[in-house]
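Q: Please walk me through this entry, starting with how its surface area is defined.

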Amino acid sequence: MKIMLSAGEASGDVHGENIARAILAMSPATELIGFGGSRMEDAGVRLCRNFADYSVMGVWEVLVNIRRIWKLLNDLTEFMREEKPDMLVLIDYPDFNWRLAKRAKSLGIPVFSYIPPSAWAWRKGRARDCAKIADEFIAIFPHELPVYEAAGAKISFVGNPLVDAVRAEMPREKARRFFQMPEDKTVILLLPGSRKQEIELLLPSMLAGAKKLLTEKPDTVFYLPVADTVSRERIEEMIAASGVAVTLTDEKHYSLMAAADAAMATSGTVVMEAALLGLPCVVLYRLSPVSYAIGKLLVHVDNFSLPNILLNESFQRELLQDEVTPENIAGELMKLYPGEAHRQEVVEKLKLACRKLGAPGASQRVAERILNAVREFTAE
C-alpha cells in the first residue's frame, strides 16, 4: 500500500506528522510519500519536495511566484505518475492542493481531503467543486460540515489533532526555571509565525509594541520561540534594531507557552495551540496592501482567529491590518496581565473553545479512515 500526503505549510506539516505516525503504527508496511516539511519527513514520509522552499502567502505574493508554483505542481504530478500511489491525501493548503487533486484524478488516483477548504467563510461554491473531486473528507472543526453536506460530500468530524499534539513537556514551574524566567517578571511571548513574510510584516510591530509595553509595565520580559522554517539570523537583526531585549528559544515550545503569562500572536494554528495551553493572546493579522484589498472583497467573517470562531464571539482581541499598532498591542496586552479581570474572562472562554475540538485520538481516527478508504478502492 502506498499513500501520498500533500501538506504545503507548517500547520499542515504538524497534521501530516500526526497522520503519518498513526498510519505507520496501524499499518507498518504502508509506504508514505509526498510533499511536506521536516516533521513529516521525520515521521517516515519520503518527500519529493519540501514546502519550506516554496512557502508564500497572499494573492500578490502567489502571483509573483507563479512560475515556481506551477513547476512544483508539474513536478509533483510527474512524481505521482511515476510512484502510482493508491491514494492522494490532501492536508489543508487549499488552492495548491486542489489543483494537485485534479491532476491525481486525471491519473486515476483517489483523493482524500483532510482539512478541506473553509467554504463556510467564503467561496461556498468551492464545497460543490471539491465534492466532485475528493472521494472523502474529514474536517477538523464542526462548523465546517453543513456546507459540504449540502454539496453532497462524504464528510465527517472526528476531533481535532491539536488536542493530542499540544502538551507541555514539563510542569509550569519547572519550565519557568528551565527558561530562566525571573520570578518577579511578567513573561510575554512574541509569536510572529512560521513564514518569512509573516516575520517581515508583523515582527517589527510586535517589537514596537513590546517597547511601548515596557514604558507602562517595566517588569516585563519577552521570549520568542523560533520556528525551524524561518531565519534566526534575520530575527536577531530585527530584535537588535528594535532595542528591545528578547530571549530566543528553539526547544520545548509548548512548555514555553504554558509557562508564559500572555502573548502577541500572528493569527493561525499557534493561537489555537496557545488556547489549549491556557495562554491568552492578542491576535494580529496583516497582509500586503494588495492582498488585503482583494481579501476584503472576498471574505466576510466576523472573526479570524480560531478560538473566537469556535464560540462565535470576539472575546479574544483581534487586531487587523492598520489596527496593528504599538499602542493597540500594548494596550490590549495590559488587559491580559495576571490579576486583571479581563484576563480571567478570556481564559475561561478559551477553555470553552477548546471543548469544541472534541475528544483525544483524532489522528488515529483519521488514519483509520484513510486506511479503510485505500482498502476499499484497491479492492475494487
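A: Accessible areas are calculated by the Shrake-Rupley method with a 1.4 Å probe, and for residues only the protein chains shown count as cover. On that basis the protein exposes about 16700 Å², and carbon and sulfur atoms supply 51% of this area.

Q: Where does the model come from, and how are residues numbered?
A: This is a predicted model, in which local features need pLDDT of at least 70 and side-chain atom pairs count only at pLDDT 80 or more, while totals for chains, interfaces and linings use all residues. Residues are numbered from 1 along each chain as its sequence is written, and side-chain values use heavy atoms, with hydrogens and water left out.

Q: How many helices and strands are there?
A: The protein has 18 helices and 13 strands, taken as DSSP runs numbered from the N terminus (helices H or I of at least four residues, strands E of at least two).

Q: What is the radius of gyration?
A: The radius of gyration is 21 Å, close to the 21 Å that the globule rule gives for 380 residues, so the protein is as compact as a globular protein of that length; the radius is taken over C-alpha atoms, and the rule is 2.2 Å times the number of residues to the power 0.38. Along the principal axes, the C-alpha atoms fill a box of roughly 65 × 40 × 40 Å.

Q: What share of the residues is buried?
A: Of the 380 residues, 53% count as buried, where buried means under 20% relative accessible area, exposed over 50%, and partly exposed in between (1.4 Å probe, protein chains only).

Q: Changing topic, in what order do the strands of the open sheet come?
A: Six strands make up the open sheet in the order S10-S9-S8-S11-S12-S13, with parallel pairing; two strands pair if DSSP finds at least two bridges between them.

Q: Which strands stand at the edges?
A: S10 and S13 do, each with a single partner strand, so one side of each has no neighbour in the sheet. Neighbouring strands are turned by 20° against each other on average, direction ignored.

Q: How many bridges join S9 to S10?
A: Four bridges join S9 (residues 220-225) to S10 (residues 246-249), and the two strands run parallel. Tyr-223 has Thr-247 as its bridge partner in S10, and Phe-222 stands opposite Val-246.

Q: What does the chain pass through from S9 to S10?
A: The chain passes through helix H11 (residues 232-242), and this β-α-β crossover is right-handed, meaning that with the strands pointing away from the viewer the path from the first strand over the helix to the second runs clockwise.

Q: Which strands does H11 touch?
A: H11 packs on the sheet and touches S9 and S10, its direction making about 175° with that of S10. Contact means heavy atoms within 4.5 Å, and angles run from 0 to 180 degrees between N-to-C directions of lines fitted to C-alpha atoms, for helices over the stretch in contact.

Q: Which strands does H16 lie across?
A: H16 lies across S8 (186-191), S11 (262-266), S12 (281-285) and S13, at about 140° to S11.

Q: Is Glu-17 buried or exposed?
A: Glu-17 counts as buried at 11% relative accessibility. Glu-17 belongs to helix H1 (residues 10-26) and touches Arg-39, Met-40 and Ala-43, not counting residues up to four places away in sequence.
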